[in-house]
2 protein chains.
Amino acid sequence: MRPDEYVIGIDIGGTTTSLGCVNRQGVLLSGVTLETHADQAADVLVSRLHDTIERLRAALPLKTNISGIGIGAPNANYYRGTVENPPNLNWGPVTHLVELFRQRNNLPTAITNDANAAAIGELLFGGARGMEHVIVITLGTGLGSGIIVNGEMLYGAGGFAGELGHTTVDPDGRECACGKRGCLETYVSATGLCRTVFELLAQRCESSVLRNINFEQMTSKKIYEAACAGDQIALAAFDKTARTLGMKLADAVAHTGPEAIFLSGGLAAAGDLLVVPVRRYLEEFLFTPYKGKVKLLLSGLPEGNGAVLGAAALAWQEVDKQNQVTATLP
Amino acid sequence: MRPDEYVIGIDIGGTTTSLGCVNRQGVLLSGVTLETHADQAADVLVSRLHDTIERLRAALPLKTNISGIGIGAPNANYYRGTVENPPNLNWGPVTHLVELFRQRNNLPTAITNDANAAAIGELLFGGARGMEHVIVITLGTGLGSGIIVNGEMLYGAGGFAGELGHTTVDPDGRECACGKRGCLETYVSATGLCRTVFELLAQRCESSVLRNINFEQMTSKKIYEAACAGDQIALAAFDKTARTLGMKLADAVAHTGPEAIFLSGGLAAAGDLLVVPVRRYLEEFLFTPYKGKVKLLLSGLPEGNGAVLGAAALAWQEVDKQNQVTATLP
């Protein structure tokens, strides 16, 4: 009898790194979260992750097998197996992360950026099961995105396709950390929402609880709570954010023609406050042939585990690819 | 010995329709152009095209065979074989054009919109040979586009992917015939260039030969000639057009990550006056991971025959698909 197969999904973030054993059905058997220690070298983190994986493996039931490792990380390149200039990790220009893992074990290992992992997770385990053309947007501190085309992750010529966070909303607009101006994520993200609040506080006269919070202490959570309490500035900020996202999602539809767009990440947790107006604006901005034909949905992955499941989904794809290669060898 | 194989490529436009016999190497054996008579029913045009094809076939050398038909037309849907609400043809909401051709002969027949045909032509016979990820932009009265992903035409869920002409430059911008505002093609196209000239004539004070031409008589050719003679308004109009195109092409790169973008169509004939500044602005607007990695090129297809060659390339793809199906039948 074939042993139960699992893969390891790893989600590397600037603050914490989560990993877990996940089976083919997307069931998370056991999960662990560690501090990333962003100031330390990548090799230190890989060592700690390797030790954690060995502990997880030792605790697995008999006849259970680990078949592969999938990693989601900021600025990761699937083709090269690298993490390049990650904004929140002190790793330098190029880290060959897949190679670092392979030095420690012989498992099929793949890496992709966190938003791509979210998209593959949505496709294998979430709301996009059975779909061929999908866009997944992750709304956190920034805006990430992954595009599925013909049932496959779209990497493009250099491995960096699907970076909608840095498309341009306004060429003379807000400064972005990437060096450009007016990037989508300067408007649509947790930080973008905060910036919009300060713009509205400057433009409008209504009283608002948000007038008592300084820039450093403003959070999307405080804006969400104010909006739930009927604060006009907070509500207007959500509406403006939704309009910008709806407009740029309509652009995205005009590129790859998806049947559904999924929203995930912290800001998507605002639920109807964001999703209902985004759906309305998206429809308004859609070119006629697409009108009424694109679903806007919240992620079908369980909150909190989406990133690890996404990384695990990548691992399963990699395992299947290696099996195919082995099967076609003479 | 196998007979020489040819396909028929047909490019249907609002004014004229061109067709020609094209071999596997993209060599055009014989071409014909007829009036489209946009006011007549689609069936009338198909009858006239059928007669023309029969005449071409009769004139072919012995042992020469016609293997398929490819059609490029405005608002064509590849999946359904239809032309839907074409803006310049009085054909009504849905015309089953592939079906109309099949009623008259038994050849593999496929249709796609004209810009998609241009993209397939570029891939099979033009500058994109051997490339996997490409975007082709056709700059005529409007702006069309076709996107190649993993070496294949991208159709998306509904068959209408790759319609960059109706992405939004400015949500409060110029009225577009599609009913939206600020669509890319209201800025970047022959008519968009004319509109930009009138905007600049209103905003600026320089004297210009273009101040003597009324709106109805303004053409992109007159603006091109003025720009070549050093007219400041004309030069500024080209620069503004180039900046908008560069910005939106950078957005397009962030979606599908192509290795090259090809410009074709009437306005692309402006050559360096457009291509040089578009290249500069594109580079400026590109997100860091793409910088220096995307080529901006003029179409590698011969001017004048590009549309027919594109339609023929579609026919060859269809012939190969049918052959594959036949080969796998028991």
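## Two copies, one axis

Let's start with how the two chains relate. Turn chain A by 180 degrees, shift it 0.0 Å along the axis, and it can be laid on chain B with an RMSD of 0.0 Å (copies are superposed by least squares on the C-alpha atoms of residues with pLDDT of at least 70 in both). That is the relation of a two-fold axis. In chain A, the C-alpha nearest that axis belongs to His255(A), at 3.6 Å from it.

Keep in mind that this is a predicted model, where local features need pLDDT of at least 70 and side-chain atom pairs count only at pLDDT 80 or more, while totals for chains, interfaces and linings use all residues. Residues are numbered from 1 along each chain as its sequence is written, and chains are lettered from A and ligands numbered from 1 in the order in which they are written.

## Where the chains meet

Chain A puts 37 residues into the contact, and chain B puts in 37 residues too (two residues are in contact if their C-beta atoms, placed from the backbone, lie within 7 Å). Strand E10 (143-149) and helix H6 (232-256) are the elements of chain A that give two or more residues to this side; helices (H or I, at least four residues) and strands (E, at least two) are DSSP runs, numbered from the N terminus. H6(A) gives the most, with seven residues.

What kinds of residues make up the side of chain A that touches chain B? They divide into 19 nonpolar, 12 polar and six charged. Here Ala, Val, Leu, Ile, Met, Phe, Trp, Tyr, Cys and Pro count as nonpolar, Asp, Glu, Lys and Arg as charged, and the others, Gly among them, as polar. The copies meet through the same surface, because 100% of the interface residues of chain A are also interface residues in chain B.

## Chain A as a whole

Chain A has eight helices and 13 strands. Its radius of gyration is 21 Å, close to the 20 Å that the globule rule gives for 330 residues, so chain A is as compact as a globular protein of that length. (That radius is taken over C-alpha atoms, and the rule is 2.2 Å times the number of residues to the power 0.38.) Buried residues make up 52% of the 330 residues; a residue is buried if 20 or more other C-beta atoms lie within 10 Å of its own, exposed if 12 or fewer, and partly exposed in between, with C-beta atoms placed from the backbone.

The chain is divided into domain 1 (4-114) and domain 2 (127-298), with bounds that come from an automatic or database domain assignment. Their C-alpha centres lie 28 Å apart. Seven residues of domain 1 are in contact with six residues of domain 2.

Now zoom in on strand E8 (residues 109-113) of chain A. Five of its five residues are buried, so E8(A) is largely enclosed by the rest of the structure. Thr109(A), Ile111(A) and Asn113(A) point one way, while Ala110(A) and Thr112(A) point the other way. Strand E4 (residues 64-73) runs parallel to E8(A), joined by five bridges (two strands pair if DSSP finds at least two bridges between them). In E8(A), Ala110(A) is the bridge partner of Gly70(A).

Ile71(A) also lies in strand E4. Is Ile71(A) buried or exposed? It counts as buried, because it has 29 C-beta neighbours inside 10 Å. Leaving aside neighbours within four places in sequence, Ile71(A) is in contact with Ile10(A), Ile12(A), Leu97(A), Ile111(A) and Ala311(A).
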